[in-house]
Amino acid sequence: MDRESASLLPGVCALLADSGKPLPDDTSLEKLLDRFTELSEAGVSLPESCPCLLDFISTMASNSTSDPSILSFTLKLSGLMAATEDGYRVLQERSVLEVIFSVKHWMDTKLWDDPCIRIGWLYGFKRMLLHPKALTFFVQSGFLKPLLELQSDPSIFVASAAKQLLVHILLATQPEEGHASIKAREDHSAVVLQTSDHIKESLKEGKLASGNEQFLSLLALILEQARRPLREQLLKALAASLEELAEAGDSRITSPLMDVIMAGYSTESDDVTKRLLSSMLNVNKPFDLVQAAAWFLSRSRSCASRDAVNTSQAVRILLLPLHFVTEQPLLGTVDNVTMAAQLKNKKAFISMICSCLRKAPEVALMPLDVLPCAPAVIVLSVVALLRMCSGDTLTSSWPSLNGRRNEDFRCIVSSGRVQISALNALASLSASPGANSTTNQVSEILVHYLCKPNSDPTVLKKSYEALLQWMSLWTDPSSIPQQLGEDLLMTVKKRACDPRWEVRDSTIEFLGQLQCIPSLGSVDASLLSNRSTAPLLREALQDPESYVRASAVTALARGLVPYWQQETELPQEQTDTVRQLLDILHKDTEGFARRAVVHYFKTWFFVCSRPPSSPPSLLLESVRVVFSRGTLDLDWEVKVNMLDLAELLLDSAFLDYKRRTGAENHPYATFYTDINGQAKDADAALESALRTLVGQGVFSALLSSLMDYDRPVALKACELLITIRDAISPASALTMGVSCELPGGREIRELLKSKGDAGRHVNVCEVLTLLDLDERRGLLSQSSDHVHNSLQSLLQDILSAGGALADPRKDGGQEVIVDCY
């Protein structure tokens with residue numbers, strides 16, 4: 001601790017111990033505790049360096065009139081100090097720990113009812129238990145009972161902290177096999193017995209599902225982290241209570257009960273969990289069955305291979321709703337009576353269908369010996385479900401099970417939730433075995449959804465996403481039905497003009513992502529080729545919504561990558577597009593589109609600057625405009641993207657120098673003299689690289705950005721300038737006459753004027769030396785509050801606030817607000 005802070009700390013302790021002076025903002029206490037924690041973790045002995053803290057804790061241990069937030073701070077501080085050997089010893093010698101952590105003491109003073117005190121007690125012990133002796137102190141002092149009672153505390157923050165502390169204690173008391181003493185084993189058994197009895201009693205008396213859920217989540221947390229002996233002890237002790245819950249069939253606790261089962265499922269001796277799992281997979285309620293089966297498959301991937309029976313049963317359960325609704329041959333002959341009863345609860349039925357759809361892609365990838373049907377049948381069942389959900393003429397193919405009317409399924413017609421779940425499932429099912437055989441059926445239903453006039457924007461977006469996944473399977477585009485291709489093209493053109501901007505945006509994104517599917521490169525011009533879609537994208541550059549404009553810029557870039565890679569001359573229409581993009585960078589009022597434009601040129605330069613190619617003249621002309629306009633942009637992300645482009649130009653300019661000199665020591669090739677002493681050639685190459693960067697406007701952009709008010713921009717510019725500076729040796733700097741014109745901002749001019757260089761044109765090497773770049777990078781790398789966010793500043797704030805509150809007449813009687821940074 002620095003001398004100034006050490007001199008302020010006694011006054012702060014005296015202020016906090018004064019019950020008449022509570023702080024107006026108790027977050028300052030949390031900040032102060034964080035500072036003490038940092039000191040302790042750095043190896044500083046708080047009792048030795050801050051002896052006033054010991055006196056403060058001793059005073060507060062018998063003080064029941066202070067503000068609860070200060071008392072809570074004292075409990076946490078006591079735990080922090082007791083976590084170290086010297087702190088624990090001193091506090092024990094002063095008999096402080098027995099008093100300040102005594103629950104009876106806080107109950108007698110009526111302060112235990114305040115959640116601040118309970119939180120302080122829990123967090124204090126959590127920190128203290130880092131010391132090995134503290135665990136014995138906790139167990140032998142009878143603190144386990146109040147900790148168990150806090151598991152059901154009305155405050156969720158207290159209950160959560162109590163759960164974490166109990167789990168820590170149970171795990172910490174696990175004896176090491178063959179190494180634990182008899183006393184340690186006895187303590188561990190006592191803790192486990194008391195904990196299991198408490199959980200058992202709580203589950204038995206639990207009237208509300210929320211209470212059972214709380215203790216089940218606690219048990220699952222313990223089982224997941226415990227070693228085998230502790231897991232078996234707890235499961236054996238709680239088996240009857242858990243089986244009773246499983247047989248009760250309470251839907252509200254299905255998930256937490258399955259968490260418990262799967263947490264204990266990995267044990268070698270898991271008879272208890274097998275019985276519980278069997279109960280959960282044989283309940284009468286379809287919704288609970290599906291929920292339990294989904295939970296089992298989610299948590300048991302590593303166990304599926306050695307439990308084929310339960311895995312196969314879970315798969316059948318998950319496919320049952322799809323089989324029931326669509327009449328696809330998923331399961332053979334099944335009893336639909338129970339499932340039909342679930343239709344009475346429309347909300348539960350939809351939830352059940354969605355749960356099945358979420359797991360369908362995973363089920364389709366299961367080994368064939370646990371699947372009741374081919375994966376392709378699962379795909380077709382989802383297609384059939386989407387037909388039913390469409391709510392139009394396609395519904396003539398609806399099933400009529402056991403003479404029931406189609407109206408029984410009205411709850412899923414036009415259900416956005418079911419449609420989105422089915423489309424998500426269909427997108428993932430493209431990776432399932434045998435998916436190629438269903439491509440036409442899938443594509444047909446997806447195009448149908450895109451054609452529906454009143455489709456929800458989210459449903460349309462999901463339809464596009466699914467279609468992209470399935471189009472990647474079109475290895476032979478010529479096999480695509482001509483009518484399907486024509487319908488898709490017509491639909492896309494229509495959706496690109498949809499009155500809803502979300503739909504237009506999804507459509508433009510879809511057109512851009514099409515360019516990333518290699519197999520579509522040979523598609524006929526009438527079917528979504530670049531020639532067919534580029535006019536739509538260029539028109540979208542004028543869209544009134546900035547998101548759509550940004551998506552159009554990105555899509556255009558993707559479509560031009562093949563031209564850039566082939567180094568072919570750009571058609572006139574694409575040259576006009578470049579001019580249009582530069583106009584967007586200059587005039588567009590929204591940052592999204594401007595960011596996309598800069599990223600467009602980044603992509604273009606990256607593709608074209610790789611050896612042996614060289615950037616075309618149109619790109620180099622555009623880059624200068626990007627720098628001149630980008631430095632004036634008000635959006636910091638535009639400027640950071642611009643600096644990323646500058647970095648690419650730096651790489652490109654120095655790549656030739658590096659290749660000519662053979663230097664490898666620096667990213668931009670530090671000064672190098674080869675074995676033939678060709679230093680002059682190296683200097684000439686380096687000077688040429690610098691002149692290139694000046695001509696491209698890179699230096700002006702970096703110097704302007706160095707003084708930017710947005711710290712990420714200034715820091716990025718500073719780092720790039722340092723990299724350039726370090727690539728130039730002192731000897732080379734003296735001989736190079738590369739100069740550049742200073743940018744228009746007066747900040748950089750005033751800075752250089754203070755360094756003795758006030759010219760409009762400056763030597764590049766001299767500027768890099770004058771700017772004190774290392775010092776500037778150090779300042780920019782610090783957080784914006786580095787000056788004030790210190791222990792000394794925090795102590796001064798606490799003293800100032802306390803003094804102002806003590807005498808309201810000061811500062812004109814106005815309240816002083818503490819800024820805790």
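I began with Lys110, which is exposed, its relative accessible area being 67%. The cut-off I applied for exposed is over 50%. The model I am reading is predicted.

Next I looked up where Lys110 sits: the loop between helix 8 (103–108) and helix 9 (115–128). I then checked the backbone there. Lys110 is not a glycine, yet its phi is positive, at about 65 degrees.

I turned to Ser95 for its backbone angle. Its phi is near 55 degrees, again a positive value in a residue other than glycine. I located Ser95 in the loop between helix 6 (85–93) and helix 7 (97–100). Is Ser95 buried, partly exposed or exposed? I noted a relative accessibility of 42%, so Ser95 counts as partly exposed. That class lies between the two cut-offs, under 20% for buried and over 50% for exposed.

My last entry is on Thr439. I found this residue in helix 24, which covers residues 439–451. Thr439 has 9% relative accessibility and so counts as buried.

Which residue supplies the backbone oxygen that the side chain of Thr439 reaches? I traced that oxygen to Asn436, at 3.0 Å. I then set aside the neighbours within four places in sequence and looked for what else touches Thr439. I recorded contacts of Thr439 with Trp470 and Trp474.

Conventions:
Residues numbered from 1 in each chain as written. Predicted model: local features only at pLDDT ≥ 70, side-chain atom pairs only at ≥ 80, totals over all residues. Heavy atoms only, no water. Helix = DSSP H or I, 4+ residues; strand = E, 2+ residues; numbered from the N terminus. Buried < 20%, exposed > 50% of the residue type's maximum accessible area, 1.4 Å probe, protein only. Polar contact = N/O pair within 3.5 Å; in protein donor to acceptor, adjacent residues only side chain to side chain. Contact = heavy atoms within 4.5 Å.
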